[in-house]
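Walk through this fold with me, one element at a time. Keep the sequence and the model side by side.

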Amino acid sequence: MKTPVGPEVETPQWHSAEIDSVLSTLKSDRKTGLGADEAQERLAQYGPNRLPEPKARGPLVRFFSQFHSLLIYVLLAAAGVTAVLGHWIDTGVILVVVWVNAVIGFIQEGKAEAALAAIKDMLAPKASVLRDGRRITLPGENVVPGDIVLLEPGDRVAADLRLIETRGGLRVQEAVLTGESVPVDKSLDPVPAAAALGDRGSMAFSGTMVASGQGRGVVVATGANTELGRISHLIGEVRRVQTPLTRQMAVFARWLTAFILAVSAVILAAGLIFGGYGFTELFMAVVGLSVAAIPEGLPAILTVTLAIGVQGMASGNAIVRRLPAIEALGSVSVICSDKTGTLTRNEMMVASVATAERLFNVSGAGYAPRGGFQLNGDVAIATDYPLLAKLSRAALLCSEAELERRGEDWTVVGDPMEGALVTLACKAGLDADAERRSHSQIDAIPFDAQHRFMATLHHDPEGAAAIYVKGAPERLLDMCQSQATEAGEAAPLDQDYWRAQADAIAARGHRVLAIAVKAGERDQTGLDFADVDGDLMLVGLVGLIDPPREEAVNAVAQCRDAGIRVKMITGDHAGTAAAIARELDLENTSRVLQGVDVDGLDDEALRRQVQEIDVFARMSPEHKLRLVKALQAEGEVVAMTGDGVNDAPALKCADIGVAMGLTGSEAAKEAAEIVLADDNFATIAAAVKAGRTVYDNLKKAIIFLLPVNGGESLSLVVALLLGLTLPITPLQILWVNMVSSVVLAMTLAFEPSEPNVMRRPPRPPGEPILSRFVLWRVGFVSVLFSAGIFGKFALAQAQGASIEEARTIAVNTLVVMEIFYLFSVRYLHGPSMTLRGVVGTRPVLIAVAAVAGLQFLFTYAPFMETFFGTRPLSLSQGLQIVAIGLLVLIILELEKRLVRAVFLPRSPDPSRA
Ligand code: ATP
C-alpha cells in the first residue's frame with residue numbers, strides 16, 4: 001500500500017483519539033453539529049474548504065502562445081526576409097496582421113476558457129451537514145472544522161472526518177489517497193497513532209468515495225490541511241477543449257500545412273530555376289499561397305464553437321463533463337431513462353392506503369398536511385381506525401425526510417417519497433416531531449436500490465423496542481409472516497390479497513410501498529438483516545401519486561421524431577412503470593421486462609428483447625449494465641441515466657452516461673459524461689438537440705472556411721502556373737484570411753439549431769466529418785470563388801481598370817462572396833433564402849457590419865492604399881460586386897437542392913423542414 005508523500009506536518013492524532021475527546025476539542029455536538037454563527041466564524045478563521053487552484057496561465061503567456069503556430073512562424077520569417085530586402089511596407093503589414101490575428105485568437109480563447117471555468121463551478125460538490133440540529137446541504141467549500149458531515153453511498157467525502165457513527169457497514173474507496181481500489185471497512189474504534197493512512201479505519205478522508213453504508217463524522221481538517229491537500233501533484237486537472245472531431249481536424253490541418261509548404265517550396269524553386277518572376281515577387285507569392293491555403297483559423301474556431309455549445313448546454317441545465325460527449329450526443333439512438341424524478345415530477349403524495357380490510361383514499365395537495373381520508377366515498381375520521389394510525393406512525397418513523405414550511409408552501413428536505421409519508425402521518429392526526437422525539441431512532445438499515453427496503457429500530461419512552469420496515473411490496477411480502485388486523489393483532493398473511501391490492505394501485509400509475517412492523521428485543525441497540533427477515537407483520541400498503549412531467553411528454557415525442565427510442569428503466573413496480581409509460585406515450589408499453597426476467601435471459605436472448613421492449617421494471621444497477629451492453633451490441637448508441645453509486649458502471653459503459661445533478665451521488669456524476677442540473681428528462685432531449693446543433697456548427701465552420709482557402713489558393717496557383725498577373729496580392733490575401741474570414745466564421749459558433757434538427761435521424765457514429773458531401777462542397781465552392789475572383793479581375797481590366805483597381809475589385813468580390821456564402825452555409829439542411837435566413841442572428845449581423853466597415857476602410861482609406869495597394873471604387877462597381885455575391889448565393893441554393901438528393905438521401909421530407 002502506498003502512503004502519500006508530502007511535507008511532514010505535525011497534526012493531531014485524530015484517528016487514535018476517542019470520539020468524545022475529538023468532539024470536545026473541536027467544540028462540536030454530535031446531535032446538533034455547529035450553530036450557523038459559529039460555522040460562519042470558523043469559515044472566516046479557517047478559510048474555505050478548497051484545495052489550492054493550479055496556477056492558471058496568465059494573460060501575457062496566453063497572448064504570446066497565440067504566436068505558437070507553424071503559419072505564424074512562416075509569416076514571421078517572411079517579415080524577416082522582406083525586411084532584409086528593404087520592403088518595409090510588406091514587413092509592417094505582415095506584422096500588423098499577425099498581431100491583429102493574435103488579438104482575435106486571444107479573445108476567442110478567453111471566451112472558451114471562461115465558458116469551461118463556469119461549468120467547473122457548476123459541478124462543485126456539495127456536502128450534507130448538521131447545523132443547529134438540522135440536516136442541510138451546502139457547497140463543500142463551506143464545510144468547516146467541527147461540522148458534523150453525513151455520509152451516504154456515492155458521496156465524495158468533503159473534508160477529513162473522524163467518524164462518530166457508522167451504519168449498514170460503512171465502506172470507503174480510498175484509491176485517490178492510498179492507491180488501493182478495494183473499499184475499506186470503517187469503524188468507530190480508535191486506531192494506533194502510528195497507523196498508516198490506509199489503516200485509519202476511524203477516519204474518512206477528503207476526496208475519497210463512500211462505497212456503501214452510511215455514517216457521520218466530525219470534520220477535523222479542511223482544504224489544504226486535509227490529507228488530499230498534502231498530495232499536491234494530484235490537484236488540478238486541466239481541461240482541454242478537444243473532441244475526436246477537433247483532433248481529426250487538427251491532424252488534417254497539420255498535414256495540409258506540410259503539403260502546402262512543400263508545394264510552395266517546389267514552386268519557389270521551379271520559379272527561380274525557370275525564371276519569369278523576380279525573387280521578391282515570387283517569394284511573396286509563395287508566402288501568399290501558404291497563407292491562402294492553410295486553414296490556420298479553423299482549429300481555434302472549432303474550439304470556440306465547442307465552448308459556446310457547452311456554455312449554451314449548461315445554461316439549459318445539461319452540464320457536459322467530457323467534451324467528446326457533445327459529438328456523441330448527435331449520434332444517440334436510444335435514451336434509457338429512470339422514471340422517478342426524471343420522467344415524473346418526484347412530487348409525491350399518498351393517494352391511497354390499503355389495510356387488510358379496507359382501502360382508504362387520501363385527499364390533499366402536495367406536502368401540505370391538510371386533507372383527510374375517504375372510505376367508499378364517505379369521509380373517514382382517522383382516529384376511528386387505529387390501524388391507520390399504526391401504519392402512519394410506522395411510515396413516519398421509518399422515514400428521515402422532514403417537511404419545511406415557507407408561507408403557504410410546504411417542501412421536503414430529503415426523499416420526496418418519505419416527505420409524502422410524513423404528510424400522511426400529519427393527516428392521520430400524528431404530531432410528526434413529537435412522535436420522532438418520543439420514539440427515538442436507535443439504528444437503521446438504510447434504503448438501497450438492491451434490497452428495495454429500509455428498516456429502523458426505535459425505543460419508546462418505556463424502553464420497548466420496535467422495528468419498522470418499508471419497501472417494495474414483493475420484497476416485503478417475502479419478509480412477512482403475518483398481517484395486522486384492524487385491532488392490531490397478527491393474522492396469517494394473505495399473499496394473494498396483497499399482491500392483487502398492489503397490482504390494482506400500481507395500475508393507476510401510483511407507486512406502491514408496503515409497511516411492516518415487528519417488536520424488537522427490550523435492550524436491542526443494533527439492527528441487521530437477520531432481524532427483519534421472515535417474521536414481520538404487514539400493516540398495509542400505501543399508493544403514492546407521482547405524475548409525469550408535462551415537459552417529458554413533449555420531449556418523448558420530440559425524441560421519436562428525431563429517430564431516438566426512449567426506454568424507461570426503473571426500480572419501480574411493473575404496473576406503475578407501465579401506467580406511467582402509457583401516460584408518457586412511449587412506443588411499446590404493452591410488455592414490461594422485469595429484473596427477474598432479465599436474470600433468466602442469456603446475453604443473446606436479451607439482445608433480441610431489448611429492441612422491442614420499452615419498459616423495464618424492478619431493475620437493479622447490474623441489469624442496467626446488461627441492458628446497455630445488449631443495446632450497444634445491437635448497434636445502438638446509448639444514453640443512460642443514473643443516480644446511485646452502483647449505477648456508475650452502467651454510466652461508464654453507456655456512450656453517454658447522464659447523471660442526476662440534484663439527487664445523484666458524486667460517484668454517478670463522476671462516471672457520467674453529462675450531469676443534469678434539474679434531473680429532468682426534457683433536458684436530455686434538449687441536450688441531444690444542442691449536441692446535434694454544435695456538430696452542425698462545427699461542420700458549417702469547416703464547410704465555410706475550407707473553400708475560402710481553396711478558392712484563393714486555386715486563383716494563385718492558376719495564375720502562377722500560367723504566368724498571369726496575380727488577381728490578388730499576397731498581402732491582400734493575408735488581410736482577407738486573417739481578418740475578414742475569421743470574423744465571419746466566428747459567427748457560426750453562435751448559429752441556432754436548424755428547424756429540422758430534431759426531425760432527422762441520428763448521425764451514424766462512424767461518419768467522417770470530411771464526408772463526400774463536405775468534399776464536394778469544398779471543391780465546388782472553391783472553383784466558384786476562384787471563378788468569381790478571376791472573372792471580376794479580368795472583367796475590370798477589360799473595362800480599362802488599372803491593375804490596382806482590378807485587384808481591389810477582386811478582393812472585394814471575394815469578401816462579398818464570403819458574406820453571401822456565410823448565409824448559404826447557415827442552413828446546410830434547408831433553404832437559406834427564407835425570412836429567418838435573411839434576417840440572420842445578431843452575431844451574423846454584427847460580423848457582416850464589421851466586415852463591411854473594414855472593407856470600406858480597406859478600399860477607401862488612404863493609408864490602406866499605401867499598405868495594400870488598393871484604389872477607391874465607384875458605386876456602380878460596388879453594386880456589381882454585390883450582384884456577384886447574390887449570384888453565388890443563388891447558384892449555391894440551386895446546388896443545395898440538387899446535391900441534397902445525391903449526398904443526403906437520409907434528409908427528411910423538405911415539407912416538414
Ligand atoms: P427509478 O429507478 O425510476 O428512479 P425508483 O425510484 O422507483 O425508480 P428505486 O429508488 O430503485 O427506483 O426504488 C425501487 C423501489 O424501492 C421503489 O419502487 C420502492 O418500492 C422502494 N423504495 C424506494 N425508496 C424507498 C425508501 N426510501 N424506503 C423504502 N423503500 C423504498
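The paragraphs below go from a sheet to a hairpin, then to helices and aromatic rings.

This is a predicted model, in which local features need pLDDT of at least 70, side-chain atom pairs count only at pLDDT 80 or more, and totals for chains, interfaces and linings use all residues. Residues are numbered from 1 along each chain as its sequence is written, and side-chain values use heavy atoms, with hydrogens and water left out.

Start with the open sheet. Eight strands make it up, in the order E8-E28-E27-E26-E9-E23-E25-E24, with mixed pairing. Strands here are DSSP runs of E with at least two residues, helices are runs of H or I with at least four, and both are numbered from the N terminus. Two strands pair if DSSP finds at least two bridges between them. Strand E8 (318-320) and strand E24 (592-594) stand at the edges. Each has a single partner strand, so one side of each is left without a neighbour in the sheet. From one strand to the next, the twist averages 20°.

Look inside the sheet at strand E9 (residues 334-337) and strand E26 (residues 638-642). E9 and E26 pair in the parallel sense over three bridges. Ile335 has Ala639 of E26 as its bridge partner. Helix H22 (residues 621-633) packs on this sheet. H22 touches E9, strand E23 (565-569), strand E25 (615-617) and E26, where contact means heavy atoms within 4.5 Å. The direction of H22 makes about 170° with that of E26; axes are lines fitted to C-alpha atoms, for helices over the stretch in contact, and angles run from 0 to 180 degrees between N-to-C directions.

Now turn to strand E10 (residues 349-354). Six of its six residues are buried, so E10 is largely enclosed by the rest of the structure. Buried means under 20% relative accessible area, exposed over 50%, and partly exposed in between, with a 1.4 Å probe and protein chains only. E10 runs antiparallel to strand E22 (residues 536-545), joined by five bridges. A hairpin of four residues links E10 to E11.

Next, a helix pair. Helix H18 (residues 550-561) packs against helix H25 (residues 681-722) at an angle of about 35°, with their axes 8 Å apart. Their crossing is left-handed, meaning that the near helix is turned anticlockwise from the far one by less than a right angle. H18 brings Glu551, Ala552, Ala555, Val556, Gln558 and Cys559 to meet Phe681, Ala682 and Ala685 in H25.

Finish with the rings. The whole structure holds 18 aromatic pairs. Rings of Phe, Tyr and Trp (its six-membered ring) pair if their centres lie within 6.5 Å; planes under 30 degrees apart count as stacked, over 60 as edge-to-face and the rest as tilted. Phe63 and Phe64 are edge-to-face, at 5.5 Å centre to centre and 80° between the planes. Phe63 is buried at 11% relative accessibility, whereas Phe64 is partly exposed at 48%. The rings of Tyr497 and Trp498 have planes at 75° and centres 5.0 Å apart, so this pair is edge-to-face. Trp498 is buried at 1%. Phe63 and Phe64 also belong to one aromatic cluster with Phe67, Trp99 and Phe106.
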